[in-house]
Amino acid sequence: MIEARTIYIMAYRQIKRFLRAKSRLIGSIVNPVMWLVFFGLGWSSAFSSPMAKMVFHGLDYMSYLSPGVVMMTIFTASFIGGITVIWDKEFGFLKEILVAPVSRTASILGRALGDMLVALLQGTIILIATFYLAPSLKLSGIPLTILAGALVAFSFTSIGIAIASKMRSIEGFQILMSFVNLPLLFSSGAFYPLDNLPEWMKLLAYVNPLTYGVDLARWSLTGVSQITPSVDLAALILLAIVMVSIASYIFNKATIE
Amino acid sequence: MARREVIVVENLTKKFEKIVAVNKVSFKVFKGEIFGFLGPNGAGKTTTINMLITLMKPTAGEAWINGYSILREPSMVRKSIGVVFQDSTVDRYLTGWENMWIHGVAYGVPRRELKNKITRLLRFVELEEYGNIQVKNYSGGMIRRLEIARGLLHEPEILFLDEPTLGLDPQTRAKIWDYILDLKKKSGMTIFLTTHYMDEAEKLCDRIAIIDHGRILAIGSPEELKNVIGRDVVYVKVKEDAVPAKVLAEKIIEDGLALEFNIVSGNTLSFIVEDAYRFIPKVFDVANSLKTIILEVKYSKPTLNDVFLHLTGRELRREEGDWKDTVRTRIRMRFRRRTL
C-alpha cells in the first residue's frame, strides 16, 4: 500500500512538473522535428537513387530515419528526466524524499514511471508527425513502437537516476551529455545501418539499449529489422530490469554526505 | 509527574576523515519543550540534526527519537519527526498546495483529512491565498513558512528546525518566532532547533545546549546559563584624578561588594555582582571615600554572548560563514535565477 502511494506521488510530481514547464514541452518537440525536417528531408533527396535504397534495406531514407527519431526523442527525454535528480540534490527536494518514511525503491520506481510517461508523450507526438513525412509507415506498428519506447525510457531514466545519484555537482551535466548522449545516439542505428560499421562501433551498438529499441520500432513500423524482433524485446526487458535494479541499489545507499 | 523523554542522545559522534564534527554529545529532550543548540557555524549543529533525522550514520554513539533507535529503526524515527532544513527543500515548480499534498500522501495522511489539514496549516502560516502559486514565485520567508507548515502536516511528535530564521529579514524572523511559540502553546509540540543567533535561542528555547567544536559546553535554561556568570554585570567609568581606577576596584572587592572585576579599558571597570541595584549606590560611597569622581555607570544582565565568552574565551561569531560560503551562496543564487 505504502509502496503504491509512493510510486503514485513520485510519478504525479514528474508529470506535473513537465506539464507546467511550457518551454520544456515545446523544446522537446521542436528538436526532433528539426531532425526530421532538415536532416531527414536533406538526406532523403541525396539518397533518392535505387542504389541508396539498398543501403537502407529497401526503405526510402525518411521511412528509415523516422523510427530512429521517435526513439531518439524518447531516449533524450527519459535520460534527461533521470539526470534531473541532480537538480533535486542541488535544490534540496531530494532531502525531503530521503527523510520521508517511504521506500527508496518505490520512490525510484515512481520517478522512473513518471519520466517514462513524459518521454512517451513526447515520443508519441513525434510518432504522429512521422506519419505525415513518411506515409509508407505502418499504422499497425504503433502499439509495439510504444512498448519499445516505454522500455527504452524506463532503462534510460534509470541510468540517469543512477548517474545523478553519484554525481556531486551540476557542473558535470554538460560533459556527461556530450559523452553519453551523442555516442549512444550515433551507435544505435537510428541514422544509418549498422552492417558495415567498424567492429568497435558495432560492439558499442550491441551493448546500447537504444539499438534494440530502434530496431524493434523500425521493424514494427516498416518491417525491416537488422537484429531479430524477439531478441530486441528480450534485450529491452532484460536491460530495463537490470538498469532499474542498479538505480534502486545506488539510490538506496544515497545519503547526504 | 515525570516528564517523558522524547529525544535521548548518548555519546553521539561523527568523524569526517580526520575532522571530528560531533564529539561524544549526550543530552535529553523532554516532551513539550523547545530545546535549542546554540553555537557558531561549523560547531556541529547541522551534523547532529542530520544524524538524529537518519540522514547520516553516526561514527559512534546512539540516539533514540520517540523511543526508536536511529540506528535500528530509522523508518519509525522518520514517521515520528517533521524536519525543516536550513536550505529549502520544496519543489519550486510545484505550487505550495501541491508540495503539501505530495508530503501528506508520502506520510500516509488519510485522504479524507488531507485537504482540510493543508488548508488549516496554510492558514496558520498565512499562506492561504498563495497556495495555488508556484513556489518559485515565493519569497524566502514564504518558503520557510511553507516548509514549517509542511513539517507539521503529518502531526509529528518532534519538529526539527535547522536555523529556522537564517537569512530572513527582522520582520519575517519575528513572525516565524511567533509561529513557533504558538505551536508550543497550542499543541505542546516538542521542538528541537539549532541557531547561531543568541536572541533567537533566548526568545524561543526552554533549554539551550551551547555547542562549540562538536562538544556541548553547557546545558540549561537561558536563566541558568546566565547565572553561571553571576547575576549582573556593572560597568563603571571613573575620572582618574585622585587615584587610579584599579585602586577603586580593589577597594570594592576588599569590601566584599562585588565578586569579580575586570578592567575593560583604561578608566572603565566591569564588576560581576549579585545584585546591581544594591551595588550601584555603594560604588558611589566608596568613590566618595577615595575622592574619586564617577563619570558613568552602566549595568546589564549577562547575555548568552557573555556566557559563550565565559565558556570559550571567544565571542559567538556573528558572521554568516567564511568567504567561501558567501561566494558559494552567491553563485548558487545567480545560477538559480538563470536556470529556473
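Author: On a 1 Å grid over the protein atoms alone, a pocket is an open set of points where a 1.4 Å probe fits, with protein on both sides within 12 Å along at least five of seven lines; lining residues have an atom within 4 Å of a point. This is a predicted model, in which local features need pLDDT of at least 70, side-chain atom pairs count only at pLDDT 80 or more, and totals for chains, interfaces and linings use all residues. Residues are numbered from 1 along each chain as its sequence is written, chains are lettered from A in the order in which they are written, and side-chain values use heavy atoms, without hydrogens and water.

Reader: How much space lies in the second largest pocket?

Author: About 960 Å³, a volume being the space filled by probe spheres set on the grid points, which are joined across faces, edges and corners.

Reader: Which residues are closest to its centre?

Author: Of 37 lining residues, the closest to the centre of the second largest pocket are Arg24(A), Ile80(A), Thr84(A), Trp87(A) and Phe173(A).

Reader: And which element gives the most to the lining?

Author: H2(A), with 8 residues. Helices (H or I, at least four residues) and strands (E, at least two) are DSSP runs, numbered from the N terminus.

Reader: What is the lining like by class?

Author: The lining of the second largest pocket has 17 nonpolar, 11 polar and 9 charged residues.

Reader: Turning to chain B, how is it divided?

Author: Chain B has domain 1 (5-226) and domain 2 (230-301), with bounds from an automatic or database domain assignment. Their centres, taken over C-alpha atoms, are 44 Å apart.

Reader: In what order do the 4 strands of the open sheet run?

Author: The order is S12-S13-S11-S14 (chain B), with antiparallel pairing; two strands pair if DSSP finds at least two bridges between them. Strands S12 (260-265) and S14 (293-300) of chain B are the edges.

Reader: How many bridges pair S12(B) with S13?

Author: S12(B) and S13 of chain B pair over 5 bridges. Among the residues involved, Glu260(B) has Ile272(B) in S13(B) as its bridge partner.

Reader: Which strands does helix H9 of chain B lie across?

Author: Helix H9 (residues 245-254) of chain B lies across S11, S12 and S13 of chain B, at about 10 degrees to S13(B). Contact means heavy atoms within 4.5 Å; axes are lines fitted to C-alpha atoms, for helices over the stretch in contact, and angles run from 0 to 180 degrees between N-to-C directions.

Notes
Ala, Val, Leu, Ile, Met, Phe, Trp, Tyr, Cys and Pro count as nonpolar, Asp, Glu, Lys and Arg as charged, and the others, Gly among them, as polar.
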